[in-house]
Amino acid sequence: MGETKQNGDAVDDIGILGVESINQDLFDRQKRLKGWDQEKIRASTVLIVGAGATGNELVKNLVLMGLGKIYLVDYDTVDRSNLNRCVFFKEADVEQKRLKAEIVARNAMEFGRTQIVPIVGKIEDVKEDVYKECDATASCLDNMEARLQLNSFSYYYDIPFVDSGIDGWFGSIFCVVPQVKDCPCIQCSMSSQDLDNMFKKFSCTGQEIAKEDGFTEMKMANIITTTSIIGALQAQQIVKILLGLDQYKKDGTWNENVGPPVYGKELRYDGTKNAFTFIEKTKNPSCWACNIKK
Ligand SMILES: [Zn+2]
């Protein structure tokens, strides 16, 4: 349609149509990134374990980018203390004791872009067929034991795994890419402190509380800004894997415009210092998790 400029000159019809069609394309701006492949993103499936604060952020980012399918695993219900940092949860979800995985799936699917399949359960409830369908896995978990489980399942099924951790102002990201020779997994560098933590369940509010079974439960500090940063970094690593892994498998190089994901080192964020640092990791030849591949 022709339009008239303020000075009365007719605006070129082709130019106007071009701008309109560009603005009608949902993914136009990200498709302008060199190395981007929207069809690849649309055709990909990601398994996310944990539908809490980081899970909310990760799902939001992947849905906005137009990922095809998500399996979302969580057995928990929404608590009032989740509402300061979970974009998909509402007060009514607390009152109705609704399940996190189902609420995130329902609300995120309203964007009409991504199929989200909630799995109400734990990692061990995820069937083999789900792993075989996935192009990447991600943990948004608050306990080390479950993260190690997902780490070893992902390695076993040859699926890149993106781990995240959050503690107040601090956060971390670590990718395990089984297709990369000698890529360390998260268990390779387990410290004795990590092993101790395995027997505590970290669950996000700041103090140790006694549980019915006699164990204590550690509640961690958490704010949405750290969660957003880490959830975004995690989504970014997943996208880099989706856009780059096929090429890597062919010739050992990553998509030059997208760059490699963070593997072989952990990316740490310190919000008190406004700083990102890398911690180098090496493969442990006697790590059972990444040396028992089928
Ligand atoms: Zn390992």
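The model is predicted, and its protein chain has 10 helices and 11 strands. Buried residues make up 36% of the 294 residues in the chain. Among contacts between residues at least 6 apart in sequence, 63% join residues at least 24 apart.

**The sheet as a whole**

- Start with the open sheet, where 8 strands follow the order S3-S2-S1-S4-S5-S6-S10-S11 with mixed pairing.
- At the edges stand strand S3 (115–119) and strand S11 (275–280); each has a single partner strand, so one side of each is left without a neighbour in the sheet.
- As you step from one strand to the next, the twist averages 15°.

**Strand pairs to look for**

- For a parallel pair, find strand S1 (residues 45–49) and strand S4 (residues 136–139), which share 4 bridges. Ile48 has Ala138 in S4 as its bridge partner.
- For an antiparallel pair, look at S5 and S6, which are joined over 7 bridges. Here Ser164 stands opposite Ile173 in S6.
- S5 and S6 form a hairpin with 2 residues between the strands, and Gly168 in this hairpin takes a positive phi near 65°.
- S6 also pairs with strand S10 (residues 265–270), in the antiparallel sense and over 4 bridges. Two positions show this pairing: Ser172 has Arg268 in S10 as its bridge partner, and Phe170 stands opposite Asp270 in S10.
- S10 in turn runs antiparallel to S11, with 6 bridges joining them. Arg268 turns up again here, standing opposite Thr277 in S11.
- S10 and S11 make a hairpin too, with 4 residues between them; Asn274 in the turn has a positive phi of about 55°.

- H4 has 12 residues and reaches 17 Å from its first C-alpha to its last, close to the 16 Å expected at 1.5 Å a residue.
- H4 is mostly covered, with 10 of its 12 residues buried. Among the buried ones are Asn56, Glu57 and Lys60, along with Leu58, Val59 and Leu62.
- What covers these buried residues? The cover includes S1, S2, helix H6 (100–108), S4, S5 and H10.
- After H4 comes Gly66, which has a positive phi near 90°.
- Helix H8 (residues 144–156) lies across S1, S4, S5 and strand S6 (170–176), and it runs at about 165° to S5.

**Helix H10**

- Helix H10 (residues 224–251) has 28 residues. From its first C-alpha to its last it reaches 40 Å, close to the 40 Å expected at 1.5 Å a residue.
- Where does H10 bend? The bend is at Gly244, and the angle is about 50°.
- Another glycine, Gly252, follows H10 and has a positive phi near 75°.

**The nonpolar core**

- The largest nonpolar core has 67 residues, and Val46, Ile48, Leu62, Leu72 and Ile238 touch the most other members.
- H10 provides the largest share of this core, 9 residues.

**A loop residue: Phe27**

- Phe27 is found in the loop between helix H1 (13–24) and helix H2 (28–31).
- Is Phe27 buried or partly exposed? A residue counts as buried with 20 or more other C-beta atoms within 10 Å and as exposed with 12 or fewer; Phe27 has 15, so it is partly exposed.
- Not counting residues up to four places away in sequence, Phe27 touches Gln38 and Gly66.
- Phe27 and Gln38 are 11 residues apart in sequence, and their C-alpha atoms are 7.8 Å apart in space.

How values were computed. Residues are numbered from 1 along each chain as its sequence is written. This is a predicted model: local features need pLDDT of at least 70, side-chain atom pairs count only at pLDDT 80 or more; totals for chains, interfaces and linings use all residues. The expected span of a helix is 1.5 Å times one less than its number of residues. The bend at a residue is the angle between axes fitted to the seven residues ending there and the seven starting there. A nonpolar core is a set of buried Ala, Val, Leu, Ile, Met, Phe, Trp, Tyr and Cys residues joined through C-beta atoms within 7 Å. Two strands pair if DSSP finds at least two bridges between them. Axes are lines fitted to C-alpha atoms, for helices over the stretch in contact, and angles run from 0 to 180 degrees between N-to-C directions. Two residues are in contact if their C-beta atoms, placed from the backbone, lie within 7 Å.
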